[in-house]
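Biologist: Could you show me how to read a sheet and a charge over a ring?

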Amino acid sequence: PKADPAVAPKADIYANAPKETYAVADAVAGSVETVYLPIRFAFGSDQIDGDGRREAETLASFLRSNNVYRLTVVGHTDEIGSEASNLDLSLRRAQTVKRFLEQKGVQAYIAVAGKGESEPPVLVDYTIYSDEERRKIARRVELVLHE
């Protein structure tokens, strides 16, 4: 399939940057293991919301065009509810994203994991978010790429 230009990697993104900048940026990019995805879920739901659907489409296009062969989708929840139900919900969220990616033609091996409420998002400043905003951010999935 033809690569989506909106998500295709740029051939020479450092064309005007000093060589040192290029090396630092590549080192940082190479060290990133987990990426928060802007795919969100409503409270208590394992269904991707409208904005999240568009983000999942973009992710699928990126994964197809960059020939990613192995990844893990990790689901998370906010802290409301029992630990057991949150663990189950987080796993279902990861499975939903996996199914979505497979339906969109991603050929990679996709593992899933659920963390429940055990790994809340790391926010720079918790005081700028309301409790509901913070919980909405916590209802997320993360992508872990493997070599």
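Modeller: Gladly! Strands are DSSP runs of E with at least two residues, numbered from the N terminus, and two of them pair if DSSP finds at least two bridges between them. This is a predicted model, where local features need pLDDT of at least 70, side-chain atom pairs count only at pLDDT 80 or more, and totals for chains, interfaces and linings use all residues. Residues are numbered from 1 along each chain as its sequence is written, and side-chain values use heavy atoms, without hydrogens or water.

Biologist: In what order do the four strands lie?

Modeller: Strands of a sheet pair through backbone hydrogen bonds, parallel or antiparallel. Here the open sheet runs β1-β4-β2-β3, with mixed pairing. The edges are β1 (34–37) and β3 (109–114); each has a single partner strand, so one side of each lacks a neighbour in the sheet. From one strand to the next, the twist averages 25 degrees, with axes fitted to C-alpha atoms and angles from 0 to 180 degrees between N-to-C directions.

Biologist: How many bridges join β2 to β3?

Modeller: Six, and β2 (residues 70–75) runs parallel to β3.

Biologist: Which residue lies over the face of Y36?

Modeller: A charge sits over a ring if Lys NZ or Arg CZ is within 6 Å of the ring centre and within 35 degrees of the ring normal. R140 does this for Y36, at 4.8 Å from the ring centre.
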